[in-house]
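Here is a short report for a reader new to this structure. Look at the sequence and the model first, then read on.

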Amino acid sequence: MNLNLKVWRQKNSKTEGRFESYQVNDISTEMSFLEMIDVLNEKLIKDGGDPIAFDHDCREGICGMCSMVIDGRPHGPWQGTTTCQLHMRAFKDGDTITIEPFRANAFPVVKDLMVNRSAFDRIIQAGGYISVNTGNAVDGNSLPIEKDNADDAFAAAACIGCGACVAACKNASAMLFVSAKVSHLALLPQGQPERKQRVTSMIAQMDKEGFGSCTNTYACEAECPKEISVMNIARLNREYLQSSLSGK
Amino acid sequence: MLDSKIPPGPLEEKWTKYKGSVRLVNPANKRKLEIIVVGTGLAGASAAASLGEMGYKVKAFCFQDSPRRAHSIAAQGGINAAKNYQNDGDSVYRLFYDTIKGGDYRAREGNVHRLAEVSTNIIDQCVAQGVPFAREYGGLLSNRSFGGTQVQRTFYAAGQTGQQLLIGAYQSLERQVALGTVEMHTRHEMIELVVIDGKARGIIARNLQTGELERHFGHAVLLCTGGYGNVFYLSTNAMGSNVTAAWKAHKKGAYFANPCFTQIHPTCIPVSGDHQSKLTLMSESLRNDGRIWVPLKQNDDRKPSDIPENERDYYLERRYPAFGNLVPRDVASRAAKERCDAGYGVGSSKQAVYLDYADAIQRYGKIEASKKNLGNVSAEEITALGKEVVKEKYGNLFNMYEKITGENPYETPMRIYPAVHYTMGGLWVDYELKTTVDGLYALGEANFSDHGANRLGASALMQGLADGYFVIPYTLGNYLSDEIGKGSISTDHPAFAEAEKNANDRINKLISINGKQTVESFHKRLGKIIWDKCGMARNADGLKQAIAEVRALREEFWSDVKIPGSIDEMNPELDKAGRVADFLELGELMCIDALERNESCGGHFREEYQTADGEALRDDSGHMFVSAWENKEVGNWVLHKENLDYEVVKPSQRSYK
């Protein structure tokens, strides 16, 4: 099939960006979305142009490196799918596809479709861990964990840190990301000793990074490629309240 | 002859004795010692975090935008540990024995036994970090089985075990970043090793965002940079996975060991066309419950559902009744290739076999019906119940298959074919994980040491974390204890200036070629040569041709590659060009190594050396050694050997029948 692309081009964070139009021909429905861009880039290079810069690595939906807003939706039209797993079956001949970077003040553009998401690393640094040095552990089975809790913790820990939740939110809030980590650790007995401190520190860092507030539109959940539940945000709010009441 | 420095004494006491007698660095001195860690996957993140916790000053580097992206994250199935929680006869010795046997007797006993010993600590450490492993209703840890073993020792978190383990290590790493013991450099790539007076003393790193070259000093340098599977172009590796850091070290004196030992994983989604940029693995855990088959008739174009049971060939169950669908990866891959080459392949390309879940769905459905006391249930209800169980166990893998192929694997068997997955070869290291350059260490997939000629499933995660959490924290001190009084070396030292100049010259040379062909096109051509002639089956004639072809391609690359953009900006094509240039050298060495090894073992299958029924034929009298290659100049290597002494296990022909 043949497609028209409108792609955001921006040299770096200091320059202004703009949309540019490209035509790609003979695209197979078997291709992934990123393979379609590979085809375009090969053509651009051969023609002496500047290929489109985009983040990607594992191309199997788990590293969280790929991003892009495709026709207004982070990671494109398929439910629960990263851009790298989106396949061209999702489009039809003659379509015009608009491709933009994730947009948020806390995610400055690096180049074209690449953004800087190091704010997420700094939120984790603020408390998204259990303080246990190597060598301190007791036997894994000495700490039975109710299966439901273990499963819920896993479901929250499945977050890939891609930032689609931020890109989807009209306030550019990072609540889904932060709540997934808070939930993961709060649901486990190992996470209890630092539970109250953790939530306050992570929220403080989130605010400091310039992410917006949560107004419960649930766009984050709808666009999350790993379908992380907004129930985690409810849990985060409870954790935060309890922590505040205890003066931590 | 290379000395692996395996401690003397009985096998099961070596590591304990080593730990008890190794030299230490006191806490006050640790603060004065700087360590560079390149790569932040399981090996790198666990090493950087652990060394930071111990008090060393660590600088860590990764080319991705965050250490959490490293490709360890894509590991699906699980991590082995000799916990024997299932009471099924597992032990440290059995894990050791299975790994040695699985590696076709080309791994070191001492290293592998240590790996099996620390495997249990890894699980405990990860649980303490909050890694949400799968659990039973009683709240205890769950296990499953994997290829090449007859016990259940694999710990897992759905089909995302690598992700959960890496996030655990990443969180520990970020905690150290917050505490100031680790300085993290993302979007940086190591492009030169700095050696001063025979010791590794730092690196030249390139800031991928600005193109700037940076000098970084370290009393020791740890390479945790993964494997080189992307030399094949198509592999299950991430797009950015590369050999560059290891290769630069190789060119500065680190020997490269067993480069021809590459693992082709049997269960991947088949290639769909020329546009293909990477291949996707379907976890080995699927072979727990799935059955692999092809039609009994050649060129059978019927739909799988139209092929009756008695016209199917469950060839793994037929050839290997004891292990069935759970034979090791090299054996399963070759068996699939054999069937497809003989004309029994399925799908439009005929380069695929079926992985079928129909039986498992029925089996689980009946168990569920009985668990729930449902009494009289219809066939449809059993199928529905069975699908639910399969979904819980393997749901994310089935979803991934459906997204990529557009087919529903709950209804129709998956089509799978082998693909490049892991590289057992890597930088040669001794028992302390030190390369042939003093002060330079290699951890995880980047070294060669523990998997011999074939790695067992769920052992890569185990080795990466063993090296990072429990080996390097001990062995590094033995070297650093001599460095205490020496202080830092200024990055103005001529060796830094020279290394930076070399790196700069090379980048300028690359960008100024301004030829006609893209980096990608060269990479694809290299991959095809290596896959065709140094892939699942190799022979002397093919390897000789491949060596000539890779050399010619390398010359063509250096005279006709086209790289857009400039060197002082974010330029992914330039980054890729540097990596492909290194693959073009490594590819030749792989073929030379494969040609030199006149035997078949593990993932290295030389067609000239096979038994009457097509199994790998080892030559223990002539090839019981590790090949370690010293680089003299581009295209010129000298072979050194490390003899493998088996003190405990008696090597025999591997049998899974």
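Which residues does Val166(A) touch, not counting residues up to four places away in sequence? Val166(A) touches Phe102(A), Ala104(A), Ala106(A), Phe107(A), Ala172(A), Ser173(A), Ala174(A) and Phe211(A). Two residues are in contact here if their C-beta atoms, placed from the backbone, lie within 7 Å.

This is a predicted model: local features need pLDDT of at least 70, side-chain atom pairs count only at pLDDT 80 or more, and totals for chains, interfaces and linings use all residues. Residues are numbered from 1 along each chain as its sequence is written, while chains are lettered from A and ligands numbered from 1 in the order in which they are written.

**Confidence**

The predictor gives the complex an ipTM of 0.98 and a pTM of 0.97. Chain B has an average pLDDT of 96, and 100% of the residues score at least 70. pLDDT is the predictor's confidence in each residue, from 0 to 100.

**The core**

Val166(A) also belongs to the largest nonpolar core, which has 282 residues. Val166(A), Leu222(B), Leu223(B), Val353(B) and Leu427(B) have the most contacts inside this core. Helix H17 (residues 572-596) of chain B provides the largest share of the core, 13 residues. A nonpolar core is a set of buried Ala, Val, Leu, Ile, Met, Phe, Trp, Tyr and Cys residues joined through C-beta atoms within 7 Å. A residue is buried if 20 or more other C-beta atoms lie within 10 Å of its own, exposed if 12 or fewer, and partly exposed in between; these C-beta atoms are placed from the backbone.

**Chain A**

Chain A has 248 residues, and 53% of them are buried. It contains eight helices and seven strands. Helices (H or I, at least four residues) and strands (E, at least two) are DSSP runs, numbered from the N terminus. The C-alpha atoms of chain A fill a box of roughly 60 × 40 × 35 Å along the principal axes. Of the contacts in chain A with a separation of 6 or more, 70% join residues 24 or more positions apart.

**Domains**

Ala, Val, Leu, Ile, Met, Phe, Trp, Tyr, Cys and Pro count as nonpolar, Asp, Glu, Lys and Arg as charged, and the others, Gly among them, as polar.

Six residues of domain 1 of chain B contact five residues of domain 2 of chain B. Helix H10 (residues 329-341) of chain B brings the largest share of that side of domain 1, five residues. By class, this side has one nonpolar, one polar and four charged residues.

**Where the chains meet**

Across the interface, 65 residues of chain A are in contact with 63 residues of chain B. Several elements of chain A each supply at least two residues to its side, among them strand E6 (109-111) and helix H3 (147-157). H1(A) gives the most, with seven residues. The side of chain A that touches chain B divides into 28 nonpolar, 20 polar and 17 charged residues.

**A covered strand in chain B**

Strand E15 (residues 414-423) of chain B is mostly covered, with 10 of its 10 residues buried. Strand E11 (residues 262-268) of chain B runs antiparallel to E15(B), joined by five bridges. Two strands pair if DSSP finds at least two bridges between them. Ile264(B) has Val420(B) as its bridge partner in E15(B). Strand E14 (residues 353-356) of chain B is also antiparallel to E15(B), with three bridges. Here Val353(B) stands opposite Ile416(B). Val353(B) is also one of the core residues with the most contacts.

**Two positive phi angles**

Glu227(A) is not a glycine, yet has a positive phi of about 50°. Glu227(A) sits in the loop between helix H7 (219-223) and helix H8 (231-245) of chain A. Is Glu227(A) buried or partly exposed? Glu227(A) counts as partly exposed because it has 13 C-beta neighbours inside 10 Å.

Ala158(B), also not a glycine, has a positive phi of about 45°. Ala158(B) lies in the loop between strand E4 (154-155) and helix H6 (161-179) of chain B. Ala158(B) has 25 C-beta neighbours inside 10 Å, so it counts as buried.
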